[in-house]
Amino acid sequence: MAASPTTPAEALSSSSSGIKYPDRQSIAGSASRNVPILVSELSPLVRPGCHILEIAAGHGLLTASLAKECSSVQDVSWEAREADEELVRKIGEQCAAMGVENVEARAWDVHDQYEERGDFDLVIIANLLHIVPYATVERLFEKLGSSLVKKEKGAKVCIYGAFNEEGRFTSEGNEKFDGILKARNPAYGLRDLESQIVPLAKANGLDLGEVRRLAAGNLLLIFERR
Ligand SMILES: C[S@@+](CC[C@H](N)C(=O)[O-])C[C@H]1O[C@@H](n2cnc3c(N)ncnc32)[C@H](O)[C@@H]1O
């Protein structure tokens with residue numbers, strides 16, 4: 001029987017151990033049961049010649065699954081970044097276990113490391129924005145706009161996770177999730193789509209092209225370089 005999609009609160013309640021930043025973590029890839037849905041949503045965006053970056057890739061299940069699904073697409077290069085070196089190692093293991101050889105995984109903490117540059121056609125971020133302080137969200141968007149996303153109309157940033165909309169929780173589950181996050185760290189919490197994320201993106205050259213409503217109240221936001 002297929003596993004049901006993970007709700008945010010379920011994901012957070014089954015924390016993994018042995019990682020450097022346990023308060024930033026959820027399960028072994030919080031989107032693990034949502035990965036098939038994300039792969040089917042994201043794979044059509046992977047075009048020949050695409051240079052792709054996944055930020056905060058966790059255990060690398062989405063990275064490896066998406067790279068495997070798109071293995072027949074010509075000349076695609078994949079890079080995965082993650083703050084926790086132990087998880088970077090696990091991304092490598094996950095890729096190897098799935099026979100994926102073209103992913104380069106490295107440690108990068110988007111909170112305080114700014115040397116990272118790139119010229120990516122597609123940037124993927126899943127389940128991160130609620131689990132870092134808002135100042136980090138702001139810096140990340142600045143970085144996306146200034147140097148990570150290709151300065152070519154149509155380059156994309158896909159952000160997946162739980163969000164508030166128009167200043168409100170969209171479900172009881174999301175409200176509970178926000179409470180759990182804030183109990184860990186008052187600087188964490190669900191971000192508001194209209195008052196926080198869309199203006200931040202816009203200020204950094206990215207327009208919201210599409211909002212896809214996926215399982216368990218999660219959103220997939222697709223931004224495009226203006
Ligand atoms: C909730 S998990 C999501 C992992 C994966 N994207 C997924 O959806 O399964 C959040 C991930 O973000 C990473 N992370 C947290 N803060 C980070 C930061 N400042 N820079 C880079 N990665 C960070 C954590 O180590 C963790 O792997």
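Strand S2 (residues 77–82) and strand S3 pair in the parallel sense over five bridges, where strands are DSSP runs of E with at least two residues, helices are runs of H or I with at least four, and both are numbered from the N terminus. Pairing of two strands requires that DSSP finds at least two bridges between them. Ala-80 stands opposite Ala-105 in S3. The model is a predicted one, in which local features need pLDDT of at least 70 and side-chain atom pairs count only at pLDDT 80 or more, whereas totals for chains, interfaces and linings use all residues. Residues are numbered from 1 along each chain as its sequence is written.

S2 and S3 belong to an open sheet of seven strands, ordered S3-S2-S1-S4-S5-S9-S8, with mixed pairing. Its edges are formed by S3 (103–107) and S8 (206–213), each of which pairs on one side only. On average, and with direction ignored, neighbouring strands of this sheet are turned by 20° against each other. Angles run from 0 to 180 degrees between N-to-C directions, and axes are lines fitted to C-alpha atoms, for helices over the stretch in contact. Helix H7 (residues 193–203) lies across S8 and strand S9 (219–225) and runs at about 145° to S8.

Two helix pairs involve helix H3. The axes of helix H2 (residues 35–42) and H3 (residues 61–69) come within 10 Å and cross at roughly 45°. H2 is therefore oblique to H3, a class left for angles that are not under 35 degrees (roughly parallel), over 145 (roughly antiparallel) or 65 to 115 (roughly perpendicular). The crossing of H2 and H3 is right-handed, that is, the near helix is turned clockwise from the far one by less than a right angle. Val-35, Leu-38, Val-39 and Leu-42 of H2 make the contact with Leu-61, Leu-62, Ser-65, Leu-66 and Glu-69 of H3, contact being defined by C-beta atoms, placed from the backbone, within 7 Å. These residues comprise seven nonpolar, one polar and one charged; Ala, Val, Leu, Ile, Met, Phe, Trp, Tyr, Cys and Pro count as nonpolar, Asp, Glu, Lys and Arg as charged, and the others, Gly among them, as polar.

Leu-62 lies in H3 and counts as buried because 27 C-beta neighbours are found inside 10 Å; the cut-offs are 20 or more for buried, 12 or fewer for exposed, and partly exposed in between. The C-alpha atoms of Leu-62 and Val-35 are separated by 5.7 Å, although the two residues are 27 residues apart along the chain.

H3 also packs with helix H4 (residues 85–97), at an angle of about 30° and with the axes 8 Å apart.

Key. Contact = placed C-beta atoms within 7 Å.
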